[in-house]
Amino acid sequence: MDAFEIMMRACGIGVVAALCLAVMGRASGGYGFALRIGGAVLLFGVFLLVFTESVDALRAVAVAASGSSFAADAFGTMLKGLGVALLCRFCSDICRDCGEQTLASGVESVGRIVIFSLSLPMLTDILELAGEILGMSR
């Protein structure tokens, strides 16, 4: 399945869900909420399909281009951070749609902390590399 076809499916899911919500309006109660969540989950599934294929291809390119495990590890860390950021955004948007601003802020805060913790091993590697370059190895 090529990228254009995947994008067309994602657009179709979004438009159909939006039209159903417009027709049903707010009067349907729980059905509107279920339709919103179902549409968002389907779109997130499409995102995961494209993202995993892209990550595998980009990681192979990074390893081939650099020949270094450090670059591949740093690239992997950046992709994990991107995944965490997108997942947190997705979840916080759902919380906001439900009217839960505090939960949305909490999800975003946890995401920031997770991204920070993902970057700590990379920071350690960078500091060790800087020490080696400056001749201050342990």
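What is the volume of the largest pocket? In this predicted model, in which local features need pLDDT of at least 70, side-chain atom pairs count only at pLDDT 80 or more, and totals for chains, interfaces and linings use all residues, the largest pocket has a volume of about 150 Å³. Residues are numbered from 1 along each chain as its sequence is written, and side-chain values use heavy atoms, with hydrogens and water left out.

A pocket is here an open set of points on a 1 Å grid over the protein atoms alone, where a 1.4 Å probe fits, with protein on both sides within 12 Å along at least five of seven lines; lining residues have an atom within 4 Å of a point. The lining of the largest pocket consists of Ile13, Gly14, Ala17, Leu35, Arg36, Gly39, Ala40, Leu43, Phe44 and Phe90. Helix H1 (3-24) and helix H2 (30-66) are the elements that give two or more residues to this lining, and H2 gives the most, with six residues. By class, seven lining residues are nonpolar, two polar and one charged, where Ala, Val, Leu, Ile, Met, Phe, Trp, Tyr, Cys and Pro count as nonpolar, Asp, Glu, Lys and Arg as charged, and the others, Gly among them, as polar.

The chain contains four helices and zero strands, in the order α-α-α-α from the N terminus; helices are DSSP runs of H or I with at least four residues, and strands are runs of E with at least two. Of the 138 residues, 19% count as buried, that is, under 20% relative accessible area, as against over 50% for exposed and values in between for partly exposed (1.4 Å probe, protein chains only). The chain exposes about 9,500 Å², of which carbon and sulfur atoms supply 71%. Among contacts (heavy atoms within 4.5 Å) between residues at least 6 apart in sequence, 55% join residues at least 24 apart.

Two salt bridges are found in the whole structure, a salt bridge being a side-chain nitrogen of Lys or Arg within 4 Å of a carboxyl oxygen of Asp or Glu. Asp93 and Arg89 form one, with an N to O distance of 3.3 Å; both lie in helix H3 (residues 69-97), four residues apart, about one turn of the helix. Asp93 is partly exposed at 32% relative accessibility, whereas Arg89 is exposed at 53%. Glu108 and Arg96 form a salt bridge with their closest N and O atoms 3.1 Å apart. This pair links distant parts of the chain, with Glu108 in helix H4 (residues 101-133) and Arg96 in helix H3, twelve residues apart. Glu108 is partly exposed, with a relative accessible area of 21%, and Arg96 is partly exposed at 29%.

Notes. Grid points are joined across faces, edges and corners, and a volume is the space filled by probe spheres set on the points. Accessible areas come from the Shrake-Rupley method with a 1.4 Å probe; for residues, only the protein chains shown count as cover.
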